[in-house]
Amino acid sequence: MPKGSLPGAPGADLAYAQLASSEIARDINRDIILELIRSHQPVARADLSRLSGLQPSTVSAIVEQLLAERWVTEGGVVRRPRGRRPTLLSLNDKLVMLVADVRPYRAIVAVVDLNGRILARQDVALVSAPEPSVQRILKSMEEMRGRHAGHTFEGVGISLPGRIDPATHLLVLAPNLRWQGYDIKKEMEQRLELPVELNNAANASLLSELWFGRMDGVRSAVLVAFVEGVGAAILANGQIISGLGGLAGEFGHIPIDPAGPLCTCGQRGCWEVFTSSNAALRFYAEAAPKAPPITIQQLMRLTEEGDEAAIGAVSQQARHIGRGLRLITAALSPEVILITGDLTSSWHRFGPIIERELRETMLAGAPPRLALTTDVELSRLRGAAATALQRHSGYHTSGVAAKNGRRGDRSAAGQSAHAEVE
């Protein structure tokens, strides 16, 4: 198989190979091999060389390092009629990540293994202030680590409803959370003594889709999450785009009606105020003013029970979603638009509305394919784990980590470099 074709390692865009320093190339090749082991396990070294296009000696050196650091383990052997019987490699299921999916009023804390399995999870109620909220998350994580003493905890991944500056690791935009300026990473690393990585919730969800192989062959996509707010993640030419200051993808805060309701970002009529789960609840309250306040889950249940006000409210949300997707198709023209959020639980009812509006608002050509993500909570937790895994798979041995105190994002999903380094 020629170099540049890497099935099973989504985001590793080798078609745009560029020169890299030997240090960066080693890290990138290492991440590629780790992703191939994940997606093809159990797998032999020879197959890793064939799939990656790397020389057998390069693969062997990387595998020996991964074995020494316990990222992978050796298992059975390939039975052949003659010759050497190669051993098979798999991810080490005893190596795990602590993760948290942070929402405005609660967090889901979990232990996730390298295969994306959730070994434990707990809901944690949050308050508005960041410091006591982070302390509650930390307490839950410490309890989980104590209950899984037989596992090795490699790192911590946090999914947040906001944008993180990749240079400072601070939230720079989080209208529904308002934790800007609080150093979550520093506080958690000091307490847990583990490397901590933060990621935007939409980016985490997209990374989960890439990491677990549901986007193989797709080079351009946009994931849009319709939850308390609206967030988006962009895959362009096989890479997740963060943009200047980590702010790429804020389609939810593009005003579409200057006379519309006030948005949490301070502007009026943003796409988010018409398409978020909170917007659907507002539409329902306007249609049924005498009804008691309900949650979005209760609203979706009412739609399945045939409640006309509930169906009308979510239908209104769906129409705004479909029309607003023009922002994405006109700007980026992706192959696929992934939808995640509360209304996907009744996609059979509201999906056709979104698809119709999208089709009717295209500038030209056929609309992109619409697809649903996996469970929104599961994808955020898995994406947080993948963030920690990709950014820290070489953490303990990277010269850059030793010099800077952390490892840069050189994952296969974040870089295009590819070079042979023995």
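Predicted model: local features only at pLDDT ≥ 70, side-chain atom pairs only at ≥ 80, totals over all residues.
A cavity here is a set of grid points where a 1.4 Å probe fits but cannot get out, and its lining residues have an atom within 4 Å of a point.

The structure holds two cavities of 30 Å³ or more. Here they are side by side.

| Cavity | Volume | Lining by class |
|---|---|---|
| Largest cavity | about 200 Å³ | 10 nonpolar, six polar and five charged residues |
| Second largest cavity | about 60 Å³ | eight nonpolar, one polar and two charged residues |

The second largest cavity is lined by M97, V112, D113, L114, G116, W211, F212, R382, A385, A386 and L389. Helix α13 gives the most, with four residues.

What lies nearest the centre of the largest cavity? Of the 21 residues that line the largest cavity, P161, G162, G229, V230 and G231 are nearest its centre. Both α6 and β11 (230–236) supply at least two residues each to the lining of the largest cavity.

**The sheet**

Now to the strands. Five of them make an open sheet in the order β5-β4-β3-β6-β9, and their pairing is mixed. At the edges stand β5 (118–125) and β9 (196–200); each has a single partner strand, so one side of each is left without a neighbour in the sheet. Direction ignored, neighbouring strands of this sheet are turned by 20 degrees against each other on average.

Strand β3 (residues 95–102) pairs with strand β6 (residues 152–160) in the parallel sense, over seven bridges. One of the residues to look for is L95, whose bridge partner in β6 is T152.

**Helices across the sheet**

Helix α4 (residues 130–147) lies across β3, β4 (106–113), β5 and β6, and runs at about 150 degrees to β5. Helix α6 (residues 201–211) lies across β6 and β9, running at about 100 degrees to β9. This is the α6 that also supplies residues to the lining of the largest cavity.

**A closer look at S140**

Which residues does S140 touch, leaving aside its neighbours within four places in sequence? S140 is in contact with V109, Q122 and V124.

Conventions:
Residues numbered from 1 in each chain as written. Heavy atoms only, no water. Pairing = 2+ DSSP bridges. Axes fitted to C-alpha atoms, helices over the stretch in contact; angles between N-to-C directions. Contact = heavy atoms within 4.5 Å. 1 Å grid on protein atoms, 1.4 Å probe; cavity = no way out; pocket = protein on both sides within 12 Å on 5 of 7 lines; lining within 4 Å. Points joined across faces, edges and corners; volume = space filled by probe spheres on them. Nonpolar A, V, L, I, M, F, W, Y, C, P; charged D, E, K, R; others polar.
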